[in-house]
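Work through the exercises below with the sequence and the model side by side. Try each task on your own before you read its solution.

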Amino acid sequence: MENRKIRIGFYALTSCYGCQLQFAMMDEILQLIDKAKIECWYMLNRNSSEEREVDIAFIEGSVSTKEEVELVKKIREKAKIVVAVGSCAVHGGVQSWGKEKELEQLWKTVYGDGKVKFEPKMAEPVEKFIKVDYKLYGCPPEKRDFLYALGTFLVGSWPEDIDYPVCVECRLRGNSCILIEKGEPCLGPVTVAGCDARCPAYSVACIGCRGAVGYDVAWFDSLAREFKKKGFTKEEILDRMRIFNAHNPKLEEMVNKIFEEGE
Amino acid sequence: MYIPITVDHIARVEGKGGIEIVMGDEGVKEVKLNIIEGPRFFEAITIGKKLDEALAVYPRICSFCSAAHKLTALEAAEKAIGFTPREEIQKLRELLYIGDMIESHALHLYLLVLPDYLGYPDPLSMVDRYKREIEYAMKLKNIGSKIMDVLGSRAIHQENAVLGGFGKLPSRAQFEELRKELKEILPLAEYTVELFAKLEQFREVEDKENVHMAIKPRGGIYGIYGDYVKVSDGFEFPVENYKEWIVERVVEHSFAKHSFYKEKPFMVGAISRIVNNADLLYGKAKALYERYRDLFRYDNCFANNLAQALELVYFTEKAIDIIDETLARWPIRERDAVEIKDGFGVSITEAPRGLLVYALEVKNGRVSYADIITPTAMNLAIMERHVRMMAEKHYQDDPDRLKLLSEMVVRAFDPCISCSVHVVKL
């Protein structure tokens, strides 16, 4: 890769465009110009095409139309590395919060009997349709998540996953505990770290935007068991976790473990 | 047989949309803005959810104006539960909102609009020849982001604005630093006005029928919050009556609904605010407005770009004033206790792209009704009309020229397509 520029594509499915905005807002992006060629990035570049081969494909958004199913398949064919970026691409996003409701019912309440020529589907994560090589968590991911992933790719290495919860970073920052001291349903104990406990540092309970920490060890953390001690029900915690984890197949099982532990 | 001229995916706008110009024997037959992004059902999915969790989800409708969504939803929710924030908290929320306004305008003007005028496909390749412009763009959007970062917890999807106030307020030193940096970017904002005053406003889309809607700012100073909506035909209505005057309809070529006022399309956004409220400006922005008065045209959507540039100056000065008032009152308590009572509330504010409506009903601590109308949903109908006007003048030109001009019309409205497709009603 030394002799040529790395080819990058940034593709959007159904989302708020926040992951791309985060990427575009990095001052470091100007340093990237010498090292990378942007083949597709509609948000910034009129000369974009989804038909070109790329080395790294960043995909933002949930798969929410039939056209988007075809698009992710095409991106997979043309890309060496596919990175699912942000909560929508990784977990289906907040638009999956209503997963338990029927699409037909959602559709009817919003559009009534009015005719729209496109066919919608329920929002789903990218991984449901294609192989994803790496995931950037968060709503949106932190700038340093992008820098770390891109930096390791550029030097021909591979970024590591974070396998510890927000609580670790929160303790290191010396914040007072929102769950224990204020009794609010802070999802810090069960959420992927990497945000430097951004919200708890503002005295705001974590809503789990980086998704549930995927390594089962953390689920038996004594902090997670505080949910029960503080009188939160399993349903309350589950519903809060579903905001950003609707498509996590292990969610219920994991939350059950917290609430069954020690009974 | 005519082949439609299409732009499948309009670049340099927020979200995914396309333009379709259908030709016939008589010239342009039909112009459609196709909104191809999937629907996200925000109102429907938040029904039955806890109020604070729903309030964390609404901003995710759009990243370019997440603070606008957060703060408008918050005001509607606080009205619903019968809580009025203290004046100093209200001011700080406006400051957070201004951060969004500055960032959004800077991004739109320099990164999305300017490349068209300078003949570039994207802003990054402008760096070699237009280093100053790119540097200004970064500095301006950085100060907007920094306000949101420091006061809102982050630049995209702020969590620090909560029912009753803020989770935590920045320190006095942080406010002082913001103030210093805002002072430093003021000349950059003024330069932006001078720059955009020179750019062409295409006469093809001149439309004497343009109707503009904007908030009647609370306190009689040009701003974001208000209790009445003003229309450029002289009409006013209280925000609670929005449904009578902003009428939404489903159209078949779009996941987003179109809005009408008295059966006609209308416009919202920076130029609509200037058209309705220019007499409420003050400071450097007032002087610049007077200097370029003739360019702030109600009958040309391209004036929206210049109006945004003027607002960069205005809101930078206003942000400095709010920080001064805040520091004069220091220390400020960040939050009051709220009781989540049942009720219904409507808030309409000025998002970067124009009026943003939130109507929320709360029952037993949960959202029982939600209706959201975004500025882009309001602008879609008039946007189509103006792309059509452009197409009617240029359909015999090179299709690439027509495509570019049509895209430029769309970009002048600064559409936020993600915003427009979350859509409505229960």
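The exercises that follow move from a whole chain to an interface and then to single residues.

This is a predicted model, in which local features need pLDDT of at least 70 and side-chain atom pairs count only at pLDDT 80 or more, while totals for chains, interfaces and linings use all residues. Residues are numbered from 1 along each chain as its sequence is written, chains are lettered from A and ligands numbered from 1 in the order in which they are written, and side-chain values use heavy atoms, with hydrogens and water left out.

**Exercise 1. Describe the overall build of chain B, and compare its radius of gyration with that of a compact globule.**

Step 1: Along the principal axes, the C-alpha atoms of chain B fill a box of roughly 65 × 45 × 40 Å.

Step 2: If buried means under 20% relative accessible area, exposed over 50% and partly exposed in between (1.4 Å probe, protein chains only), then buried residues make up 69% of the 426 in chain B.

**Exercise 2. Describe the interface of chain B and chain A, and state how many salt bridges the rule finds across it.**

Step 1: With contact defined as heavy atoms within 4.5 Å, 79 residues of chain B touch 63 residues of chain A.

Step 2: The size of an interface is often given as the accessible area lost when the parts come together. Taken as the accessible area (1.4 Å probe) that two parts lose on being put together, summed over both, the buried area of chain B and chain A is about 5800 Å², with 64% of it on carbon and sulfur atoms.

Step 3: A salt bridge is a side-chain nitrogen of Lys or Arg within 4 Å of a carboxyl oxygen of Asp or Glu, and the rule finds 8 of them across this interface. One of the salt bridges in the model joins the side chains of B:Lys50 and A:Glu236, at 2.9 Å from N to O.

Step 4: A:Arg46, in the loop between strand S2 (36-40) and strand S3 (54-60) of chain A, has contacts that include B:Asp116, B:Asp400 and B:Glu407. A:Arg46 counts as partly exposed because its relative accessible area is 30%.

**Exercise 3. Is B:Val229 buried or exposed, and which residues does it contact beyond its neighbours in sequence?**

Step 1: B:Val229 belongs to strand S7 (residues 226-231) of chain B, and it is buried because its relative accessible area is 0%.

Step 2: Although 14 residues separate them along the chain, B:Val229 and B:Ile215 have C-alpha atoms 4.4 Å apart.

Step 3: Leaving aside neighbours within four places in sequence, B:Val229 is in contact with B:Met213, B:Ala214, B:Ile215, B:Lys216, B:Phe235, B:Glu236, B:Phe237, B:Val239, B:Ile348 and B:Leu355.

Note on methods: Helix = DSSP H or I, 4+ residues; strand = E, 2+ residues; numbered from the N terminus. Rg over C-alpha atoms; globule rule 2.2 N^0.38 Å.
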